[in-house]
Amino acid sequence: MEPFAGGAIISLTAVAENYVDKSILIELDEDVASVWQTIIYDDANWLIHKILNVNLTQECVAEIIHNKTSGTRERAFATIIENRINRGGILAPGAGRVKNGENGRGMLSRWYPETLARRIQAISEMRNRLEFIQDDGIKIMENHLNAANIVFFTDPPYTQAGRRLYRHSQIDHHKLLSLTSQLKGESLVTYDNSREIVHIALENDLQVCWVPMKTTHHAQKLELLIGRNLEWLNPAETAPVPYVEAAPQTSSN
Ligand SMILES: C[S@@+](CC[C@H](N)C(=O)[O-])C[C@H]1O[C@@H](n2cnc3c(N)ncnc32)[C@H](O)[C@@H]1O
């Protein structure tokens with residue numbers, strides 16, 4: 001179960017690689033939800049056809065975005081376009097458009113229709129092993145506290161950058177980590193390197209590790225991995241967070 005699904009790369013990988021039988025994705029954002037609903041429950045081929053045949057001019061983009069409210073499929077198509085033409089793929093209100101982009105291709109600089117079509121096709125081929133729920137991830141976690149056969153991967157909006165990146169970014173971090181400590185199933189939570197989060201995790205008897213990652217701007221930074229038991233992690237790739245006082249200052253991504 002992935003309670004904050006977004007693009008759900010971990011669930012998709014886990015299903016594709018047969019680490020799990022199926023995955024349940026939960027996402028609150030209506031735009032992101034429309035993409036999952038269209039691929040999993042409606043008609044992925046309609047979406048693929050639209051992506052492969054659109055002529056991405058300014059006028060065409062304006063019309064697609066204007067039509068967004070006419071149905072779930074139309075919203076899904078508009079969301080994919082916005083994700084590709086907005087700077088950093090950001091869908092939150094106020095997100096800016098790519099200006100010059102890669103090789104001066106402007107709006108088209110991150111538009112790779114064949115790649116998108118291939119990925120949507122691959123996801124649709126495993127849709128029988130995917131379930132999607134548009135809801136609050138915390139509420140759904142709470143309903144599955146005793147499900148020992150569910151593995152949870154939780155990647156919530158981060159404390160610093162969340163507001164800029166996502167329409168829904170206000171999370172009760174205390175509740176999320178308290179629920180994580182009560183889950184019967186295995187779980188792994190990722191967070192930005194925030195002192196406050198380390199504090200809350202330790203208060204809930206969770207283990208915390210640092211893991212290096214690269215941001216979209218290729219800068220190296222540390223992220224937190226949190227779980228009831230992290231002993232399975234590769235010690236060459238992670239470092240335990242020994243004391244809350246030792247945590248470096250939080251930086252936004
Ligand atoms: C950090 S992103 C997840 C990215 C994901 N790991 C991926 O592979 O793309 C967090 C996601 O949680 C969603 N979200 C925010 N609040 C939520 C809530 N209460 N319930 C479910 N999803 C929520 C955001 O819209 C965003 O898509």
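**Entry 1: the model.** I am working from a predicted model.

**Entry 2: α3 and α5.** I began with helix α3, residues 44-53, and helix α5, residues 72-85. Their axes lie 10 Å apart, and the packing angle is about 40 degrees. I therefore put the two helices down as oblique to each other. I noted a right-handed crossing for α3 and α5. Next I looked up which residues meet. From α3 I listed W46, L47, K50 and I51; from α5 I listed R73, E74, A76, F77 and I80. Sorted by class, the residues of this contact are six nonpolar and three charged, with no polar ones.

**Entry 3: α2 and α5.** I then turned to what α5 does with helix α2, which covers residues 30-41. The axes of α2 and α5 come within 8 Å and cross at roughly 115 degrees. That angle makes α2 roughly perpendicular to α5. I recorded the crossing of α2 and α5 as left-handed. On the α2 side the contact holds E30, D31, V32, S34, V35, Q37 and T38. On the α5 side I found T72, R73, R75, A76, T79, I80 and E82. The classes in the contact of α2 with α5 are four nonpolar, five polar and five charged. I marked R73, A76 and I80 of α5 in my list, as they meet α2 and also meet α3.

**Entry 4: α9 and α10.** The crossing of α9 and α10 is right-handed. H173, H174 and L177 are the α9 residues in the contact, and they meet I197, I200, A201 and E203 of α10. By class I wrote down four nonpolar, two polar and one charged for this contact.

**Entry 5: the second largest pocket.** Last, I looked up the second largest pocket, whose volume is about 590 Å³. Which residues lie nearest its centre? I found A14, V20, V151, F152 and F153 there, out of 19 residues in the lining. The elements that give two or more residues to this lining are α1 (9-16), β1 (23-27), β3 (152-154) and β4 (187-192). Of the elements, α1 gives the most, with three residues. I sorted the lining of this pocket into 12 nonpolar, four polar and three charged residues.

Terms used. Residues numbered from 1 in each chain as written. Predicted model: local features only at pLDDT ≥ 70, side-chain atom pairs only at ≥ 80, totals over all residues. Heavy atoms only, no water. Axes fitted to C-alpha atoms, helices over the stretch in contact; angles between N-to-C directions. Helix = DSSP H or I, 4+ residues; strand = E, 2+ residues; numbered from the N terminus. Parallel < 35°, antiparallel > 145°, perpendicular 65-115°, else oblique. Left-handed = near helix turned anticlockwise from the far one by under 90°. Contact = heavy atoms within 4.5 Å. Nonpolar A, V, L, I, M, F, W, Y, C, P; charged D, E, K, R; others polar. 1 Å grid on protein atoms, 1.4 Å probe; cavity = no way out; pocket = protein on both sides within 12 Å on 5 of 7 lines; lining within 4 Å. Points joined across faces, edges and corners; volume = space filled by probe spheres on them.
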